Amino acid sequence: MKAVISSTGLWTPEESITNEELVESFNAYVDIWNSKNSSSISNGKKLELTYSNASFIEKASGVKSRYTISKKSILDPNIMAPRIPKRKNSEPSILAEIGFKAAQNALAKINRNPKDIDAIICACSNLQRGYPAVAVEIQNLLGAQGFAFDMNVACSSATFGIETARCLISGGQAKTVLVINPEICTAHLNFKDRDAHFIFGDVATATLIESDEVCEKEHWEIISSKLITEFSNNIRNNFGFLNHCAPEDDGMIGERGKKGLTDKLFVQNGRSVFKEVVPIVADMIIKECDKNNLQPDNLKRLWLHQANLSMNQLIAKKVLGKTYEKEKTPIVLDEYANTSSAGSIIAFHKYNSDFKNGDIGLICSFGAGYSAGAIFVRKNG
Ligand code: COA
């Protein structure tokens, strides 16, 4: 039994923040902080904070803007974080709500009834609670049957979720599986961290994976897949259910991570990530092409994880050659920033309409763990 991708869905928040808006707020925070701490700064006990810069951000990352569910509070120099009002247990949780919207979009595109779904996987970087699983809540919102569960492989959650869906299909557990990636990445981002405050945005994506016995005529056959993990501390977030068991290191206060920042939000050694992850990903793609008797050049498109423009360009050069055609690796991070697991799915969702029967492309993720996932697809129909 073959597994195919029969649809994708996207939900994008209404509001977006430009680099200029973000930097204006950050620099206002710097002024406030420096003025509050002026005596400690002048006696050498604290280091003065320095301004951020919009043109640095675009040059270093390729990001020009990011969508978010909470623009006002992120830009308020006295808050600098999303503010998402607590909801009653009787209301849909925010992660389930945005995941549900992306799922509806994927189902509506091919007029598919939620009753046809056998399984739902909510695969994302940050799950909102311990239990019940957000996926089960989405199952309930959709009115779907079968079973549902959550999984987290950070930025690689979508590709690992798609491969898990493929295995559920080939193992006979399900014929139709929805993989949903609700990513509220602004909530794990420290907007007071000059090195990283520009990195992330919010979004939700969904991918419908089905057995070829039940799928639409037009679909994307999964012809090969590869998952890799290799331990690294270079991207880390120590938030977790054991935080309160170490009261001296509870929540957002207490032991500090890199450069005096809280380690209960995203922290990274960006340079090391860049250097170490690029070869892992390029090597994985080249080896998988070889295994499948494919020339990398035969790939019409690489829908890569969207974290950093130079990183994607370097991976593309290593895989496709120095003079590769830019259309082969579409970029959405300029508009969306890094949306963790959702990035490669947004790229796939937006840049596949020119594919003809038999064309082959690659959905590829990489990120914390380290983790990397490759899903090779061929257009049929
Ligand atoms: N505004 C202005 N200058 C800034 C700045 C900002 N917001 N942030 C950092 N800088 C400065 C630094 O102070 C440093 O100056 P110095 O050399 O005088 O000390 C300089 O810019 C370079 O800083 P660095 O952090 O080394 O930048 P970089 O070129 O490595 O770019 C990243 C930073 C994060 C964009 C880049 O490393 C990256 O994207 N790496 C991959 C990250 C990734 O994919 N992570 C996955 C997350 S899931």
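In the predicted model, the shell around the ligand comprises, by class, nine nonpolar, seven polar and three charged residues. The ligand is surrounded by 19 residues, of which Ser 52, Arg 194, Gln 268, Arg 271 and Asn 308 are the closest. Helix H3 (54-61) and helix H8 each contribute at least two residues to this shell. The largest contribution is that of H8, which supplies three residues.

An N or O atom in the side chain of Ser 52 lies 2.9 Å from a nitrogen atom of the ligand. Backbone atoms are involved at two further positions: a backbone N or O atom of Asn 53 is found 3.2 Å from a ligand nitrogen atom, and a polar backbone atom of Arg 194 is placed 2.9 Å from a ligand nitrogen atom. The ligand taken alone exposes 970 Å², and 71% of that area is buried by the protein.

Helix H8, spanning residues 270-291, also packs against helix H9, spanning residues 309-320. The angle between these helices is about 35°, and their axes are 9 Å apart. The crossing of H8 and H9 is right-handed. On the H8 side, the contact is formed by Val 273, Phe 274, Val 277, Val 278, Val 281, Ala 282, Ile 285 and Ile 286. The H9 side is made up of Ser 310, Met 311, Leu 314, Ile 315, Lys 318 and Val 319. Classified by residue type, the contact of H8 with H9 contains 12 nonpolar residues, one polar residue and one charged residue.

Note on methods:
Residues numbered from 1 in each chain as written. Predicted model: local features only at pLDDT ≥ 70, side-chain atom pairs only at ≥ 80, totals over all residues. Heavy atoms only, no water. Axes fitted to C-alpha atoms, helices over the stretch in contact; angles between N-to-C directions. Helix = DSSP H or I, 4+ residues; strand = E, 2+ residues; numbered from the N terminus. Left-handed = near helix turned anticlockwise from the far one by under 90°. Contact = heavy atoms within 4.5 Å. Nonpolar A, V, L, I, M, F, W, Y, C, P; charged D, E, K, R; others polar. Near = heavy atom within 4 Å. Polar contact = N/O pair within 3.5 Å; in protein donor to acceptor, adjacent residues only side chain to side chain. Areas by Shrake-Rupley, 256 points an atom, 1.4 Å probe, with all protein chains shown as cover.
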